[in-house]
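Please have the sequence and the structure at hand.

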Amino acid sequence: MKLITNTFSANTKIQSAQVNTNFTDVNTFTGCRVYNSAGITLTTGVATAHTFDTESFDTDTFHSTASNTSRITIPTGLAGKYLILGEFTYAANATGIRQS
């Protein structure tokens with residue numbers, strides 16, 4: 001992330017050239033959004049890797065839909081902090097519990 005060194009006073013009008021110069025790369029996003037387009041069958045008592053066959057976006061080849069589809073790998077040179085979120089929906093079940 002680029003350090004912004006300019007200070008702007010209240011009610012200062014900023015020209016587009018200033019924005020381009022001073023705010024380049026401030027909100028650069030790197031990452032992916034992946035999901036599975038179909039249901040996955042789970043067997044009671046068996047650990048199952050959740051696979052992802054579809055990408056909404058993938059900025060730097062974090063994920064492959066062809067191999068190791070259950071993995072998201074941080075590319076070389078992009079070490080840092082990442083936010084990882086997950087959501088799983090299960091069919092109704094009258095007995096037991098469901099967990100991932």
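## S70 and its surroundings

Leaving aside neighbours within four places in sequence, S70 is in contact with A49, H50, T51 and F52, where contact means heavy atoms within 4.5 Å. The model is a predicted one, in which local features need pLDDT of at least 70, side-chain atom pairs count only at pLDDT 80 or more, and totals for chains, interfaces and linings use all residues. Residues are numbered from 1 along each chain as its sequence is written, and side-chain values use heavy atoms, with hydrogens and water left out.

S70 lies in the segment after β2; helices (H or I, at least four residues) and strands (E, at least two) are DSSP runs numbered from the N terminus. With a relative accessibility of 35%, S70 counts as partly exposed. On this scale buried means under 20% relative accessible area, exposed over 50%, and partly exposed in between (1.4 Å probe, protein chains only). The C-alpha atoms of S70 and T48 are 9.9 Å apart, and the two residues are 22 apart in sequence.

## T54 in strand β2

Strand β2 covers residues 54-58 and includes T54. Beyond its neighbours within four places in sequence, T54 is in contact with R33, V34, Y35, S37 and T65.

## Lining of the largest pocket

The largest pocket is lined by 42 residues, and those nearest its centre are H50, F52, G86, E87 and F88. Strand β1 (residues 32-35) gives the most to this lining, with four residues. By type, the lining divides into 22 nonpolar, 16 polar and four charged residues. A pocket is an open set of points on a 1 Å grid over the protein atoms alone, where a 1.4 Å probe fits, with protein on both sides within 12 Å along at least five of seven lines; lining residues have an atom within 4 Å of a point. Ala, Val, Leu, Ile, Met, Phe, Trp, Tyr, Cys and Pro count as nonpolar, Asp, Glu, Lys and Arg as charged, and the others, Gly among them, as polar.

## Aromatic pairs

The whole structure holds two aromatic pairs. In one, the ring centres of F29 and F57 are 5.6 Å apart and the planes stand at 75 degrees, so the pair is edge-to-face. Rings of Phe, Tyr and Trp (its six-membered ring) pair if their centres lie within 6.5 Å; planes under 30 degrees apart count as stacked, over 60 as edge-to-face and the rest as tilted. F29 is exposed at 53% relative accessibility.
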